[in-house]
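Me: Please take me through one part of this structure. Keep it brisk; I am new to this.

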Amino acid sequence: MRFFMPTELLDGENCVGKYSEKFSALGKKALIVTGKKSARENGSFEDVTTALDKQGIAWTEFAEVEENPSVETVMKGRDAAIQSEADFIVGIGGGSPLDAAKAIALMAAHPDAGADSLYGGDLDSEALPMAAVPTTCGTGSEATGVAVLTRHELKTKGSIPYRIFPKVAFIDGKYLVDAPMSLILSTAVDALAHIIESYFMLKADDYSRMAALHGLKVWTRSKPVLLGERYINAQDRKNLMCASTLAGMAIAQTGTSIPHALSYPLTYDLGIPHGKAVGYFLGGFLEAAPDEGKWELLSTGGFRNLSEFKGFLKKLLGEVAVTEEALNRGYEMVKDDPKRMECSIFQVGHEGLRKIVYEHN
Ligand code: NAP
Ligand code: ZN
């Protein structure tokens, strides 16, 4: 068994300010990578720049990361890092800016490499040091080495074949204060999918399941909020962030499975947010799973049976406006891909996959 998660996790209110000296260990000049707006609105950008100023660290920003970031954006970010002579990267935001920041950190350490190298696998994994400040409660990117980018030439998304873990992550639920409930729901379902998919991966072991199952326990505490039965409070925000990071620690060991693979055309073709797209296939995936693991997950999550779980998921996701074409494209992409079809402890075969895609959601 092997558990590798080399990121220092600092969790707590105002942790960016409290531990500002952590930035000094990363370098002298930072490039801050964010999405277009939210980091400036939820206080995370201000916290980071205040901390950098306090430490006497120069910084510039690259605030151009779109949702589901593209290879092209990463290459622009790399140019910004080189131009500003940054020696470390700070990613702030949801999974999109965090993943882009990782890929920028990689490419900035290989200034002569072309965009092809991002998926070519011809680089070593050397990258500028990076800090992560998550502001959504879903991807766990702060605790994984994974960066998922959009590949327009293939009309889909995929992880780059390098592992770039942040050196340090600052996890503060306060950044969720003004997040719309739709974002909290969608990203919370993404974390749940990481937990469930990771549990059944061939690479899963007692260590990764420790992270997955404890993540599920923490996640479950906020079920009433996700169901709209009570208002969200500071403890819920902390719990949802923590669960997302624990789920990230689990997938950092195991990778993800069929629901993630099927989700990419839904996001690429139809713009359905990542968590919602993954969640669409999650009930069917759990239905296909072996009983023993299924029951451990359902009972840990406080569900009496599979149909209660499916009903819960439906309520959280609301309507998911899929099309036959996007479902077909996912099915065709996954059905003969051994990386996806043979990565779990159970095999669904073509017929089982068909049920997950078309019937069991
Ligand atoms: P996201 O794409 O990073 O952000 C979605 C939207 O939420 C953006 O409009 C963003 O605005 C906004 N936003 C972010 N934080 C906010 C806050 N605190 N308050 C209000 N609005 C906020 O969403 P995500 O679901 O976190 O990330 C999805 C990406 O992560 C996908 O590309 C997915 O494939 C990837 N992913 C990565 C991993 C991994 O291990 N690395 C795992 C799963 C998924 P701005 O654009 O203005 O910031
Ligand atoms: Zn995900």
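What is the relative accessible area of Asn-68? After that, what lines the largest cavity, and which residues of the largest nonpolar core touch the most other members?

Reply: First, the ground rules. This is a predicted model, in which local features need pLDDT of at least 70, side-chain atom pairs count only at pLDDT 80 or more, and totals for chains, interfaces and linings use all residues. Residues are numbered from 1 along each chain as its sequence is written, chains are lettered from A and ligands numbered from 1 in the order written, and side-chain values use heavy atoms, without hydrogens or water.

Asn-68 has a relative accessible area of 23%. That makes Asn-68 partly exposed, because buried means under 20%, exposed over 50%, and partly exposed in between (1.4 Å probe, protein chains only). Asn-68 is in the loop between strand E3 (58-65) and helix H5 (71-83). Helices (H or I, at least four residues) and strands (E, at least two) are DSSP runs, numbered from the N terminus. Phi of Asn-68 is near 55 degrees, a positive value in a residue that is not glycine.

Now the cavity. On a 1 Å grid over the protein atoms alone, a cavity is a set of points where a 1.4 Å probe fits but cannot get out; lining residues have an atom within 4 Å of a point. Points are joined across faces, edges and corners, and volume is the space filled by probe spheres set on them. The count is 1 cavity of 30 Å³ or more. The largest cavity holds about 40 Å³. Its lining is Leu-192, Ile-196, Leu-216, Leu-286, Leu-297, Leu-298, Gly-301, Phe-303 and Phe-309. Helix H8 (181-199) and helix H15 (291-300) each give at least two lining residues.

Next, the core. A nonpolar core is a set of buried Ala, Val, Leu, Ile, Met, Phe, Trp, Tyr and Cys residues joined through side-chain atoms within 4.5 Å. The largest one has 65 residues; Ile-196, Phe-200, Trp-219, Leu-297, Phe-309 and Leu-353 touch the most other members. H8 gives this core its largest share, 10 residues. Domain 1 (8-175) and domain 2 (181-358) each give at least three residues, with bounds from an automatic or database domain assignment.

Look at Phe-309, part of the cavity lining. Contact means heavy atoms within 4.5 Å. Leaving aside neighbours within four places in sequence, Phe-309 is in contact with Leu-192, Ile-196, Leu-282, Gly-283, Leu-286, Leu-298 and Phe-303.

Conventions:
On a 1 Å grid over the protein atoms alone, a cavity is a set of points where a 1.4 Å probe fits but cannot get out, and a pocket is an open set with protein on both sides within 12 Å along at least five of seven lines; lining residues have an atom within 4 Å of a point.
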